[in-house]
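Please view the sequence and the model before reading on.

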Amino acid sequence: MGLTKSEIFTEEQNKLALVAKAFGHPARIAILQHLFKLNSCVCGDLVNEIGLAQPTISQHLKELKNLGIIKGDISGTSVCYCINQEEWQNIKHMFSQFLEQELIDDGTCC
């Protein structure tokens, strides 16, 4: 299997693809929806809410945090997470620009 050669793409194209990949897993969507629903930091156990094992939840939280979509603080054994509102606005803007592209139909397309 070949390399993806991400260096030949723009920073925006790479970021859009990474965020789309993060959104591509239903567990991460469920975590984000739960964080939005609470509208505050979650310091409790997401296992009961999401229905996955703690290591699995932790891995998904790590992915979201690495992308900057969520932010978290570690205090002893407790970890609190919330939506990174600034990054969320950036992501919304980036996806809006991408999805609002229009094709001018001049009749030459198959």
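A salt bridge (a side-chain nitrogen of Lys or Arg within 4 Å of a carboxyl oxygen of Asp or Glu) joins the side chains of Lys37 and Glu49, at 3.6 Å from N to O. Lys37 belongs to helix H2 (residues 26-38) and Glu49 to helix H3 (residues 47-50), so the pair ties together parts 12 residues apart in sequence. Helices here are DSSP runs of H or I with at least four residues, numbered from the N terminus.

This is a predicted model, in which local features need pLDDT of at least 70 and side-chain atom pairs count only at pLDDT 80 or more, while totals for chains, interfaces and linings use all residues. Residues are numbered from 1 along each chain as its sequence is written, and side-chain values use heavy atoms, without hydrogens and water.

The structure holds two salt bridges. The other one is formed by the side chains of Lys15 and Glu87, at 2.9 Å from N to O. This pair links distant parts of the chain, with Lys15 in helix H1 (residues 11-23) and Glu87 in helix H5, 72 residues apart. Helix H5 covers residues 85-99.

Accessibility is classed by relative accessible area: buried is under 20%, exposed is over 50%, and partly exposed is in between (1.4 Å probe, protein chains only).

| Residue | Relative accessible area | Class |
|---|---|---|
| Lys37 | 59% | exposed |
| Glu49 | 42% | partly exposed |
| Lys15 | 23% | partly exposed |
| Glu87 | 16% | buried |

Apart from neighbours within four places in sequence, Glu87 is in contact with Lys15, Leu67, Gly68 and Ile69, where contact means heavy atoms within 4.5 Å.

How values were computed: Helices (H or I, at least four residues) and strands (E, at least two) are DSSP runs, numbered from the N terminus.
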